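Please walk through this model with its strands, helices and aromatic rings in view.

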Amino acid sequence: MSRKTSSSQPSIGLGGLHYDDGNKLLISSTSNQIFSWKTVPFNPLATPTSDSIPEGPILSIRFSLDTKLIAMQRSSTEIQFWNRETQEAFSHTCRSESENILGFFWTDCRQCDIVIVKNSGLDLFAYDSVSKSLDLVEARKLNVSWYVYTHESRLLLLASGMQCRTFNGFQLSSAGIIRLPKFDMAMAKPEANSKPVLAAEDVYIVTIYGRIYCLQVDRVAMLLHSYRFYRDAVVQQGSLPIYSSKIAVSVVDNVLLVHQIDAKVVILYDIFADSRAPISAPLPLLLRRGFPRSHSSSSRSAGKDSESSEVNDTIDNEAVVYGDYWTFLVPDLICDVSNKFLWKIHLDLEAISASSSEVPSVLEFLQRRKLEANKAKQLSLGIARTVILERRPVSMVARAIDVLVSSYSLSLKTGSYFKGMKTETTSSVVPNTSSARSGTDEPASRVDGKSVRHESTVGVDSEYTNRSSTFSASDSEENASTEPLKTDSSYLQLGGGKVDRANLTGAQSSSTECQPSSNISEQQDSQLSSPAISPDEMYQFVFAPVEEEMVGDPSYLVAVIIEFLRSASMEKIKVHPNLYVLTIQLLVRNERYAELGLFVMNKILEPSKEVALQLLESGRQSIQTRKLGLDMLRQLSLHHDYVLMLAQDGHYNEALRYARKHKVTTVRPSLFLEAAFSSNDSQHLAAVLRFFSDFIPDFQTTSDFNTYYGILNEMNTSIAV
C-alpha cells in the first residue's frame, strides 16, 4: 500500500483502487476496464460509471477536470490518455531514459491543464483538443524524491535532499502559478548516528477554516509539526504530540482528527484560534452498523443488477478498526480495501459536547460547526438552558452568553445566518496588499454569488511581517447532504458503504493566506448554514422555557438576562421585546420597583410598546411604575394608546387636551361620552359633545352624537323640572 507518489493519490493496489481527489472519484481498475464512484455527496447505494480502456498496467489514474479524458500512468516513463467520447488514445513518454514519472494531476490553472511530476522536475502541459496531444508550456528543473498534492488546496510540495526534508512549493490556481519559498522541515536527531528519512506518508496537506496547513510527522520526537504558508516564508505553527508510531490525519467540519493507529484512538483538535489543546480526551473510532456492503470492484459489471447490495449486519466481524489495509483519504474518507468499504467520518457532536464541563469552550466549538449546523444549534440551546436551570455561577453563564451573542453577530456580518437551504459559492480575487496583518487570524466573510465550477483558487497569507501577496481566494464551505447519523455512545462515527458520493467538508477562505480551491459545483443541502442563535430564539427556546421551569427566587434569572442584555448591547444587536417584558415581570414578582425604574430610565430595558404596556400592567401595585409606562408611550409617540390609558385612569380632560394637541382622531368618542354620562354631570357631557363636534368632522351625523345629545336634553329637562 505504497503512498510514495502522492499522499492525495495513493496507489492502493489489492484490487486496483485509486482516488481522484480532483473529481472526488474512487476508481477501481482492471486491465481493460475501470469503474468510478462519485464520493460527493456520500451515498452508500451508489451506482458506478464504467469505462472500457486499452489493456495495460495502471499505476495511477485520474480523470480530467471536465471528465472528458482519462489519464493512466502505465509505467515510470509513460502516461496514456484516453478520450471517452472518441475512444481514441495517445501517449506521453519521458524524453530521457534517466527521467522517471513520479505522478501527475490535472489542474484548473490558466497556464496549463496537466502537471507531470518527474524526478527531474515539473512539466506543465496544455491539452490541444484539435491535435489530441499535449503541448509543453513550461518545464521546471528540480531534484524531486517524492511529492504531495491536494486538489482542494492546489498546493504542490516537492521533497528533495538526503533526508527528503527540503521542500519546494508551488500553488497552481486559476490566478496563476505561485512559487513558495524553499524550506526545510524539522526532524529530531536520533541518538544513533543514523539520519531518518522523511516519507511521503508522513506529510499531509489539510485545509482548516480556510487556512492551508502542512502537517509533518516527526517519529523521533513523536510530534506532529504544523506549517503555514506565506508568500515569502513558511512558518512553523507549533507541534502536537503523537502517541503512536503510525498515525493518519483527517479533517471533518474543520476539526483536525489525528488517528493514533497503534492505540486505535483519535484525538480531536479545533485550531480555529491556533489552540494546541485537544477538544477532549482520546476517543474511540466506531463503525456504524447497518450500511450495505459493496461488491468486489474487480468483477463488477455496469448493469444495475450488479449494483444491488445486501445489508451487512456483521461489520464488526469483518472490518477491523484501523485495519492493515485502511487508507486515509484527505479530508474525511477511509478506504477499507480488504473489505471493499469506503467510510466517511462523522462527528458525534452530542457526545463531544457532553464530554467537557467547560461550557464556554464547548459552545465555541459547536458554534463553529457547519456540516450539522442544526444539530449544533439545538445542542447549544440545550446547553444554555441547562446551565441556567442548574444555577451555574453567573460569571460562567455570562461567558457562555458572550460566545452565543458574538457568534450571532459574526453570522450577521458574514451573511451566513440568512443563507437559505441551498447556497452556492464563488471565487474572488484578492488585490495586491503591502500592509501586514496582526492579531489572530479569522476566516474571512463568505461571499454570496453564483458558483464557479472548478474555480476557487488559492491565496498565500500576507500576515507575516512586511509581506504582501496577490491570490485568488475561494469560499468552499460545503455542507454534508447526507442524513445526520444517529449517534450512540461513540464520539466519532464512520458512515460506510458502497462507494459513491460524499460531500466533503470544504473550508472558509481567508483573503490573505494560502486558501483552498475546490470543486464547488455541489449545492449545499443542509437545513441551516449557521448554528448561530438569534435573540428571538434565545427568548423563545431558552429564557421563556427556563422561566416556566425555574422555581424559587427569580433574582438569578434576572441576573442572567441582564448579562444577555449587556452582551447584546456591546454587539449592537436588537433584543426581542418579550425578553424585556419577562424581565419586568420577574422584577415585579420580587417587588423590585426601584431597580425596575432604574432599568427603564437608563434604557437597559429598551423602550417599546410591549414594554410600556407591561409597565402599565405592573403599575397596578406601583403608581410610579405605571407613570413610567405612560411616559414611555408618550416618548414613543404612541398617541392613541396614551389617550386610552389616560381615559382608563379617569383623566378625561387631560386625555381630550392631549388628543386635540396631537390630533388623535382614532379614539372612539363613545369612550369619553360614556364616562361623562357616568359622572351624571350634564355640563361635563355637553363639553365632551362640543369637543368632538369641533374636533371630528361630521360627528353630529353619527349615532353617538344623536344618542348622547338626546340623553343631554333629558338630563337638562329633568333638572329644569
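**Aromatic rings, sheets and a helix pair**

One aromatic cluster is formed by Trp-146, Phe-167, Phe-183, Tyr-227 and Phe-229. Rings of Phe, Tyr and Trp (its six-membered ring) pair if their centres lie within 6.5 Å; planes under 30 degrees apart count as stacked, over 60 as edge-to-face and the rest as tilted. The model is predicted: local features need pLDDT of at least 70 and side-chain atom pairs count only at pLDDT 80 or more, while totals for chains, interfaces and linings use all residues. Residues are numbered from 1 along each chain as its sequence is written, and side-chain values use heavy atoms, with hydrogens and water left out.

The structure holds 15 aromatic pairs. One of them joins Phe-81 and Phe-90, which are stacked at 5.0 Å centre to centre with 10 degrees between the planes. Phe-81 has 0% relative accessibility and therefore counts as buried (buried means under 20% relative accessible area, exposed over 50%, partly exposed in between, with a 1.4 Å probe and protein chains only). Phe-90 is also buried, at 17%. The ring of Phe-90 pairs with that of Tyr-127 as well; the centres are 6.1 Å apart and the planes at 15 degrees, so this pair is stacked. Because Phe-90 belongs to strand S8 (residues 89-93) and Tyr-127 to strand S11 (residues 121-128), the pair ties together parts that are 37 residues apart in sequence. Tyr-127 counts as partly exposed, at 21% relative accessibility.

Next come the strands. Helices (H or I, at least four residues) and strands (E, at least two) are DSSP runs, numbered from the N terminus, and two strands pair if DSSP finds at least two bridges between them. An open sheet is formed by 4 strands in the order S13-S14-S15-S16, with antiparallel pairing. Strand S13 (146-150) and strand S16 (176-184) are at the edges with a single partner strand each, so one side of each has no neighbour in the sheet. From one strand to the next, the twist averages 15 degrees. Within this sheet, strand S14 (residues 155-160) pairs with strand S15 (residues 166-173) in the antiparallel sense over 6 bridges. Opposite Leu-158 stands Asn-168 in S15.

Strand S19 (residues 223-230) and strand S20 (residues 233-241) also run antiparallel, joined by 8 bridges. They form a hairpin with 2 residues between them. Leu-224 has Leu-240 in S20 as its bridge partner.

How do the helices H6 and H7 pack, and at what angle? Helix H6 (residues 535-549) and helix H7 (residues 555-570) have their axes 12 Å apart, at an angle of about 175 degrees. Axes are lines fitted to C-alpha atoms, for helices over the stretch in contact, and angles run from 0 to 180 degrees between N-to-C directions. H6 is therefore roughly antiparallel to H7 (angles under 35 degrees count as roughly parallel, over 145 as roughly antiparallel, 65 to 115 as roughly perpendicular and the rest as oblique). Pro-535, Met-538, Phe-543, Val-546 and Glu-547 of H6 make the contact with Leu-557, Val-560, Ile-561 and Phe-564 of H7, where contact means heavy atoms within 4.5 Å.
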